[in-house]
Protein chains: 2
Amino acid sequence: MSPPDESGSSIPNDYEIAQSVEKRHIADVVEPFGLDREDLELQGEYKAKVKLDAIERATAEKEDDGKLVLVTGMTPTPLGEGKTVTTVGLGQAFNHIDKDALIAIREPSLGPVFGVKGGAAGGGWSQVLPMEDINLHFTGDLHALTSAHNLVSTMLDNHIKQGNELDIAVNWVNWPRAIDMNDRVLRETVVGLGGDVTGIPREDGFILTAASEMMAVLCLADSLQDLKERVSRIIVAYDEDGEPVTADDIDATGPVTILLRDALKPNVVQTIEGTPAFVHGGPFANIAHGTNSLMADELASSLSEYLVTEAGFGSDLGAEKFMNIVCRFGEMEPDAVTLVASVRALKYHGQEMWPPDLDELEAEDVGMVRRGLANLDKHVRNLQKFGVPVVVAVNRFPGDTDAEVQAVIDHCKDLGIRAAESNVFSDGGEGGVELAEQVVDAAETPSDFTPLYDLDVPIKQKIETIATEIYGADGVEYHGSAEDDIERLTDHGFDDVPICMSKTFHSLSDDPSKKGAPDDWTLEVTEVYPSAGAGFLVALTGDVLTLPGLPSEPAAANMDIDADGTISGLF
Amino acid sequence: MSPPDESGSSIPNDYEIAQSVEKRHIADVVEPFGLDREDLELQGEYKAKVKLDAIERATAEKEDDGKLVLVTGMTPTPLGEGKTVTTVGLGQAFNHIDKDALIAIREPSLGPVFGVKGGAAGGGWSQVLPMEDINLHFTGDLHALTSAHNLVSTMLDNHIKQGNELDIAVNWVNWPRAIDMNDRVLRETVVGLGGDVTGIPREDGFILTAASEMMAVLCLADSLQDLKERVSRIIVAYDEDGEPVTADDIDATGPVTILLRDALKPNVVQTIEGTPAFVHGGPFANIAHGTNSLMADELASSLSEYLVTEAGFGSDLGAEKFMNIVCRFGEMEPDAVTLVASVRALKYHGQEMWPPDLDELEAEDVGMVRRGLANLDKHVRNLQKFGVPVVVAVNRFPGDTDAEVQAVIDHCKDLGIRAAESNVFSDGGEGGVELAEQVVDAAETPSDFTPLYDLDVPIKQKIETIATEIYGADGVEYHGSAEDDIERLTDHGFDDVPICMSKTFHSLSDDPSKKGAPDDWTLEVTEVYPSAGAGFLVALTGDVLTLPGLPSEPAAANMDIDADGTISGLF
């Protein structure tokens, strides 16, 4: 147990809570939802992958899919708002009001686990188990993706060294290397040193595996064949004439798909209350589309009345992309959105100083909460533009006062928005019953989901729609190669696809220091490039970090394991 | 099926043979050897890890360990001699002569699988299954090792960036990064470019995961606690005063051990005839000790009458290290050694030209075979020096003639050496019955195993013993930092450990172009450094490649997978 807190009582940490629960065999957990033991590839007793033929059968059998509930959040703060906790807790809460529900979340990346973030498997009494496995190697999907990504890099540089038959321009390689580790010094490197034997020296860099197009490809594929076709289309470089060179051109399609054969199968585990949870895929939401795999969503929504799924960061990033990209590719329609807010995050956005003083957020300050509501309101309006009903979940933390929480609820009611306090961290599903009831009420309301833009409008119009409608910009300016990029992509006929914006998650705007709901600003787009495998165009705005670093005291430094295998410091 | 050969019949490849066999549930495979289902962590139906408490129980219960048979080979040639095939086939053959036997081999690395080598799971009717899983991600051990290795690198560079409290000298970092991919351009790199934000630029490089000390540490650890202690001792850099900085000094012990928690548990699979095979760990034999994990060996020899285990490369590398390092650490004694030879390899060593002409080896040429016997004889003499009986296995290939095979057998008999033809590739265990009988005869002969040197003699004496007794050198010359290294290591009291020679595997000498049994030469040692976690000193001789590259036509380029998941091109 952890040291006693100020009140003298001992508060167990997430790992201790997780260890205190008796897990059921995963085959027993999923059996009521129509998956047999033969449908599973077991990895121990508590983790399994679902076989592809079982997915085909399940999705073919079911006529009506279940209701789809997306969980997103207000603009993230360093304090954490509890989006995954709310997703897991809401899924559990459905079972307290006699609704079948499944959960789908992204799988953690080792980088953040050893950095600042710690685990990403929910927390308290709303977490997925076994949390230590899920936060470490889990079923090896991230490792398979890292290998697949780097096999492409290796074959590419080997092609260049072995005569460069495709005439690849070494300064136009746009396939970096990948690592699942917050290893800052690999951001910018020079490779190929050492003379003739090792090949051509060139500038290179590493990105986090979660930021790789390979991750996006895996999460958008709906079959092994589709995965293979997406891999084959990935653009890895340009030749001296400026023509794209694909993964297929360097013969990487087959071996890369082989490496991803098992990673494609969704993983299923259980929550602390025994609700099945799919934990599969984890693309960045600030450079890719930011939601778990389409296959997990399609399978889960075919098996259950309700599917609760989570998108990364705020409505401007993961949720916008879920609506405009994922739902379009997967022919899905969300029936309700849960928007996670916290008193602390509202105070953060309501505080009038930069950089924010986190200590100042501790004392009760209803005024500061109210000033932060501008951020929440903008996210509500964003989501309403897709024609889907919104429910605000106020995820309660220990220091929050009743007055502060009530101020948020009252504000939402005044605007005609459903809202509920959520105590799923401390109370599990029971703490989310009111939220679940509101979500059911919203999801059963007929809705009129529409993506925000049509695919056949010009690239610039799509970017400008997102910038003005979602981010609240006055307009868009194009710098760097952006204008040329757009012209070239349009000429190549690669303009009728969705746009995946690459933008900071720290602000609704492209400036991480702007809190609340910034106005009077223009979005600056510096580059537009195709993620041809994923099937979208990425528009870069500002600096987006694709390989984080460790802080001065990394979480790793406090982790330990004893001779019996008991882990400490992994929360 | 593959295309018909010249005779018009269709020869199935390894993958096709593997697919034609009905595998049994792995729990049923190991049950006769005393492992229950509860002792296993299943990964699907055909792969499992053995839980650590089951290993403790099994090794504590058994009073007499089974007989230990080491398989090694003559100096490797590009043609492949079939050492793993012989290991697997011999293990199977024991069951044809009413002896219980288990097998222990190393796990493949992805690098070679996608390069030239193809799979490393045996072949024909002597392979381990499921070969495609074993050759790809298997149970994730290699990935865990890569992550563990790179977490150390990341924490080290982060320490330097965040103030460098330990005063680490950036030019004295001796912990490279690791990757499990034959990615030549990563051999020599510069990292940390991009200015203040990313840290201090420095020269760096990547090694193959199998060449990492982390792999050696995993394979020599005999418990979780021992693993942790070995990790803590790894020397990752030196400070400005020349004092060693360990993994523990940078707080990496705990998180690294956590990452290796599951990788430490031996993997068990089955051969094509249903014999249990442990496939666990795969250190390079030219820079590390080159045999599978000690834990797998200890477990397997406690469960069975016979354990057949394999060492990398020839008697000069894997076998010498197994005898002098692994047996010493594990308190094991080999009862017999099987030395794998092939007619083609003998011809290769008997051919009087450089570079060798591989086409010239196809026609019958008993004279050329006889000229190559000098290499075989030297390996025999090397092994006899350890006091263990030797059995030569002539692994027969389709083109070998009876006269060629008989010439080898006769030669051995003339020298009083046990020898047998082996047809385990084409005939499975049945093809190795004569070999197995000879091995039993040898193993039941009382032997007098002794390591070649005592640990308490000076470092130079140990190096010189290996050089003269095993390699056939006239003596040793020390260049570069070697003299200083030896003096410093002796002063630090790190001189009473075994020596792990880093030497080319292409020759008994340190010159890869010297075939046969070279004489009249002097071994040149350029550097001696401690692998403090593994518990030995590494002596570098010549250039040893720690990160291979892909050939102009990598094996990967011919691999494919169809929509049903059937793989081709992975042999």
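## Nonpolar core

The largest nonpolar core comprises 330 residues, and A:I463 and B:I463 have the most contacts inside it. A nonpolar core here is a set of buried Ala, Val, Leu, Ile, Met, Phe, Trp, Tyr and Cys residues joined through side-chain atoms within 4.5 Å; buried means under 20% relative accessible area, exposed over 50%, and partly exposed in between (1.4 Å probe, protein chains only). Neighbours within four places in sequence aside, A:I463 is in contact with residues including A:V476, A:Y478, A:I486 and A:A539, where contact means heavy atoms within 4.5 Å.

The model is predicted: local features need pLDDT of at least 70, side-chain atom pairs count only at pLDDT 80 or more, and totals for chains, interfaces and linings use all residues. Residues are numbered from 1 along each chain as its sequence is written, chains are lettered from A in the order in which they are written, and side-chain values use heavy atoms, with hydrogens and water left out.

## Interface of chains A and B

In chain A, 66 residues are in contact with 66 residues of chain B. The two chains bury about 5600 Å² between them, 65% of it on carbon and sulfur atoms; this is the accessible area (1.4 Å probe) lost on putting the two parts together, summed over both. On the side of chain A, A:V185, A:I258 and A:I561 lose the most area to chain B, together 12% of what that side buries.

Between chain A and chain B there are 6 salt bridges, each a side-chain nitrogen of Lys or Arg within 4 Å of a carboxyl oxygen of Asp or Glu. A:D560 forms a salt bridge with B:K228, with the closest N and O atoms 3.0 Å apart.

## An enclosed helix

Helix α10 of chain A (residues 253-260) has 8 of its 8 residues buried, so the rest of the structure largely encloses this helix. Helices (H or I, at least four residues) and strands (E, at least two) are DSSP runs, numbered from the N terminus. The cover over the buried residues of α10(A) includes α7, α8 and α9 of chain A, together with α5, β24 and β25 of chain B.

## Salt bridges within a chain

Over all chains, the structure holds 52 salt bridges. One of these joins A:K99 to A:E444, the closest N and O atoms being 3.6 Å apart. This pair links distant parts of the chain, 345 residues apart: A:K99 is in the loop between α4 and β4 of chain A, and A:E444 is in helix α17. A:E444 counts as partly exposed, at 48% relative accessibility.
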